[in-house]
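Have the model open and click along.

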Amino acid sequence: MIQIQLKHVDMSFHGRPVFQDINLEIAKGEVMVIIGPSGSGKSTILRLIIGLLKPTAGEIWINGEEISGYNEERMNVIRRHMGMVFQYSALFDSMSVGENVAFGLRQHTKHTEEEIASIVRRKLRMVGLTGQENAMPNELSGGQKKRVSLARAIAVNPTIVLYDEPTAGLDPIMSNTIDRLITSTRRRLGNTGVVVTHHMASAFEIADRIAMLYEGRIIETGTVQEIRNSTNPIVQQFIYGRKKSGTMTERGLDQL
Amino acid sequence: MLVALLESFGRRALQLFETAGQIVILFVQTLQQMRHLNIRHAIVQMSHLGVDSLPIVLLTVLFTGMVLTVQTAHEFIKYGAQSSVGGVVAIAMGRELSPVLSGVVVAGRVGAAITAEIGSMKVTEQIDALRVMATDPVAYLVAPRLVACVFMVPVLVVFADAIGVVGGYLVATLYAGIGSFTYINSIKVFAVVNDITGGLVKSMFFGGIIAIVGCYKGLTTASGAAGVGRATTESVVLSIILIFISNYFLSLVLYR
Ligand SMILES: Nc1ncnc2c1ncn2[C@@H]1O[C@H](COP(=O)(O)OP(=O)(O)O)[C@@H](O)[C@H]1O
Ligand SMILES: [Mg+2]
């Protein structure tokens with residue numbers, strides 16, 4: 001079953017196009033990884049899916065509803081089943097870790113304070129931050145913030161979780177931890193995941209399918225195996241740092 | 001040369017109208033979101049506002065009441081009108097000086113703090129995080145601040161009126177040689193309740209201006225390190241200008 005679908009989506013900012021005619025289908029329970037150079041519009045795709053931005057043209061379907069014309073109020077109904085991990089975590093810095101994780105529960109559920117405390121404890125344990133409820137965000141490392149952000153995103157058991165560069169700026173060990181968390185979250189919650197990254201190792205680790213965004217278009221979509229074996233020179237260059245064979249592109253020459 | 005000057009003037013004027021329109025829109029949106037007001041948040045904001053501003057408001061109006069008395073007493077005694085001094089001070093403080101000066105002080109203290117806080121939430125994607133968690137930033141952030149400013153600034157002005165008149169009393173009796181009875185009696189003879197209530201009505205408008213302009217400038221903060229600082233300055237300047245302009249028209253309506 002298709003849970004998220006972008007149909008012929010165009011997006012421009014102030015008349016400057018970021019991409020045209022994006023088509024993407026993401027199945028329920030699948031982890032889709034979007035790769036592409038920085039500035040190619042990966043974050044923009046996530047923002048369109050969760051309705052922070054409206055497309056210039058085209059349709060965006062979530063669970064069989066076309067949301068691109070939805071106002072904030074109708075969008076909020078959809079968003080209650082979605083979570084997002086931001087690139088720089090975007091934790092509420094005036095609130096403790098526990099309050100951050102509890103935020104969605106307090107806003108939208110009728111749980112008692114004890115129930116909320118127990119859910120928060122469980123989610124923090126899932127991300128390896130047991131007992132950190134009272135820490136403030138500014139006392140945490142980048143990797144810890146990312147994990148709190150993940151705990152906050154999954155607190156309400158969303159059916160769709162979006163991750164914007166979840167491993168950017170982290171050391172390899174922490175990146176690996178986050179990758180495993182994305183995989184284990186999906187296993188436990190059965191949620192659909194959309195992950196934006198430019199770490200190829202991460203992408204291969206967590207993806208069911210990978211889509212590559214390049215110069216305003218999705219130039220390739222496929223399983224991990226299909227992407228590894230892609231004959232598209234740009235895909236090859238992106239995932240192996242340079243082309244396996246053939247002529248050097250300008251970008252390849254620049255790197256020499 | 002002249003054309004270029006006119007063009008840039010016209011552009012600035014258009015920008016100003018656009019900003020004014022957007023501020024009005026934010027105000028209307030905030031009123032629509034009042035049904036989602038979190039009373040507890042509003043009370044927290046009120047206590048912040050009071051604690052932050054009361055000392056500096058009192059200091060400002062104390063010296064204003066004092067200097068006003070020095071100047072009026074000096075002139076009035078020349079014409080044998082010392083029995084008018086108390087009334088003039090009370091009316092001037094109640095109608096104009098307490099509300100306007102309190103408004104200016106609160107714009108500098110609280111308006112700036114509102115813009116800085118919301119602006120830094122904006123540039124660190126915390127506003128987007130609120131929206132992603134199906135929480136309307138206008139309901140969550142703007143509504144409690146509007147309520148706090150509209151109801152707390154008049155409270156400050158009540159204290160300001162009292163302290164301004166006391167400052168006048170001290171100077172009248174200790175420096176200008178006006179008797180204690182003369183000063184107090186003069187207030188009783190000249191001042192009426194409307195001198196106070198009119199000032200309080202004005203200060204509610206000023207509180208509203210400070211809150212909406214502060215939130216507007218915060219929510220529209222441009223990203224980048226300089227963004228928050230610039231937004232904060234603009235917020236204070238715009239609030240103070242609007243306070244002075246609206247004060248003139250409010251005086252026309254309230255005291256004709
Ligand atoms: N709110 C915005 N206003 C104007 N331009 C934007 C905005 N958001 C993104 N862009 C532009 O869109 C392009 C794609 O941005 P983004 O989706 O953040 O790329 P990525 O996440 O792949 O690095 C960039 O050129 C960026 O400058
Ligand atoms: Mg990005």
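## Ground rules

A salt bridge here is a side-chain nitrogen of Lys or Arg within 4 Å of a carboxyl oxygen of Asp or Glu. This is a predicted model, where local features need pLDDT of at least 70, side-chain atom pairs count only at pLDDT 80 or more, and totals for chains, interfaces and linings use all residues. Residues are numbered from 1 along each chain as its sequence is written, chains are lettered from A and ligands numbered from 1 in the order in which they are written, and side-chain values use heavy atoms, with hydrogens and water left out.

Two more terms come up. Helices (H or I, at least four residues) and strands (E, at least two) are DSSP runs, numbered from the N terminus. Buried means under 20% relative accessible area, exposed means over 50%, and partly exposed sits in between (1.4 Å probe, protein chains only).

## Across the chains

Over all chains, the structure holds 14 salt bridges. One of them joins A:Arg47 to B:Asp128, at 2.7 Å from N to O. This pair crosses between chains, with A:Arg47 in helix H1 (residues 42–49) of chain A and B:Asp128 in helix H4 of chain B.

Both ends are tucked away: A:Arg47 is buried at 16% relative accessible area, and B:Asp128 is also buried at 16%. B:Glu125 joins in too, giving a salt-bridge network of A:Arg47, B:Glu125 and B:Asp128.

## Within chain B

B:Asp52 and B:Arg109 pair up with their closest N and O atoms 4.0 Å apart. They link distant parts of the chain, 57 residues apart: B:Asp52 is in helix H2 (residues 39–78) and B:Arg109 in helix H3. B:Asp52 is partly exposed at 29%, and B:Arg109 is partly exposed at 41%.

Then there's B:Lys217 with B:Glu234, at 3.1 Å between the closest N and O atoms. B:Lys217 lies in helix H7 (residues 193–219) and B:Glu234 in helix H8 (residues 225–254), so the pair ties together parts 17 residues apart in sequence. Here B:Lys217 is buried at 14%, while B:Glu234 is partly exposed at 37%.

Most residues other than glycine have a negative phi. A:Asn63 has a positive one, about 50°. You'll find A:Asn63 in the loop between strand S4 (57–62) and strand S5 (65–66) of chain A, partly exposed at 37%.

B:Glu125 sits in the loop between helix H3 (85–123) and helix H4 (126–132) of chain B, and is buried at 18%.
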